[in-house]
Amino acid sequence: YRDDDDINDVASMAGVNLNEESARIMATNSDLVGTQIQSCKDEPFLAAIPLHKRILETAKKLGITDVPAEVVTFISHATQNRLRTVIEKVTVITQHRMESYKDDEWYEQATDVRSQLKFFEQLERLEKQRKDEQEREILLKAAKSRSRQEDPEQARLKQKAKEMQQQELAQMRQRDANLTALAAIGPRKKRKLDSPGLLTVGGEGLAVSGGGQAGVGTPSSRQYARQKITRVNLRDFIFYMEQERETSHSLLLYRALLK
């Protein structure tokens, strides 16, 4: 330690030599010393020639005849930044819309509209089935009737009963033919995925990453990573435009609401 008067020299009091530490750092990062660092090429987001032409057309209306290339690059980067911001905000809105609170312990389900709709659909199905059964019984009674003097209504019912029986017979024949064809084909086999890659099923990507080849009779281990896709619809964009000050009273929002 140094003299007691120098109480501000913390490094010396801790026994650290700054010169030695600097030499060690320079020796460790010696491969980085003298390396020339170059910036990446500034590539515009939009096509430069059509954008420059569009800017010139707008500038001529304001009395401006010359627009430098830096302005075109700046507007292109500003468009890219704006588009990125819009996509990020709309993605957050979509994720909030798709978020489910069924398994959250802080929320309790009050109503279940889907179950109610299923219940009403089942009631309508039962009512339709009951009416069909009643109409079928009436038609069968009319078909079994052997009265000599028949009115036109009775003849119409007999004709309808005959058509109904023919339709039921055709449906039975079609069902028997389908069962026979399925029995002749045999059980369906699943197609094997031999080559790894990206498989798209139902609009969603499945990334397939396969390992080495397995031996004979040994199944190869493949991992299927499901790619998450966020689908944004027009309603999400409308909600975003309603929240933003620049678009809350715009003509674009009015046109979107009319669709």
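**Exercise 1.** Which residues in α4 are buried? Work on the predicted model.

*Solution.* 
Step 1. Find the helix. α4 covers residues 69–98.
Step 2. Check its length. α4 has 30 residues and reaches 43 Å from its first C-alpha to its last. That is close to the 44 Å expected at 1.5 Å a residue.
Step 3. Apply the cut-off. Buried means under 20% relative accessible area. In α4, the buried residues are V72, S76, V86, V90, I93 and T94.
Step 4. Look for the cover. The elements over these buried residues include α3 and α7.

**Exercise 2.** Describe how α3 and α4 cross, and which residues make the contact.

*Solution.* 
Step 1. Take the axes. Those of α3 (residues 48–61) and α4 (residues 69–98) come within 10 Å. They cross at roughly 105°.
Step 2. Classify the angle. Values of 65 to 115 degrees count as roughly perpendicular, so α3 is roughly perpendicular to α4.
Step 3. List the residues. α3 brings A48, L51, H52 and I55. α4 brings V72, I75 and S76.
Step 4. Sort them by class. Five are nonpolar, two are polar and none is charged.

Terms used:
Residues numbered from 1 in each chain as written. Predicted model: local features only at pLDDT ≥ 70, side-chain atom pairs only at ≥ 80, totals over all residues. Heavy atoms only, no water. Axes fitted to C-alpha atoms, helices over the stretch in contact; angles between N-to-C directions. Helix = DSSP H or I, 4+ residues; strand = E, 2+ residues; numbered from the N terminus. Parallel < 35°, antiparallel > 145°, perpendicular 65-115°, else oblique. Contact = heavy atoms within 4.5 Å. Nonpolar A, V, L, I, M, F, W, Y, C, P; charged D, E, K, R; others polar. Expected span 1.5 Å × (residues − 1). Buried < 20%, exposed > 50% of the residue type's maximum accessible area, 1.4 Å probe, protein only.
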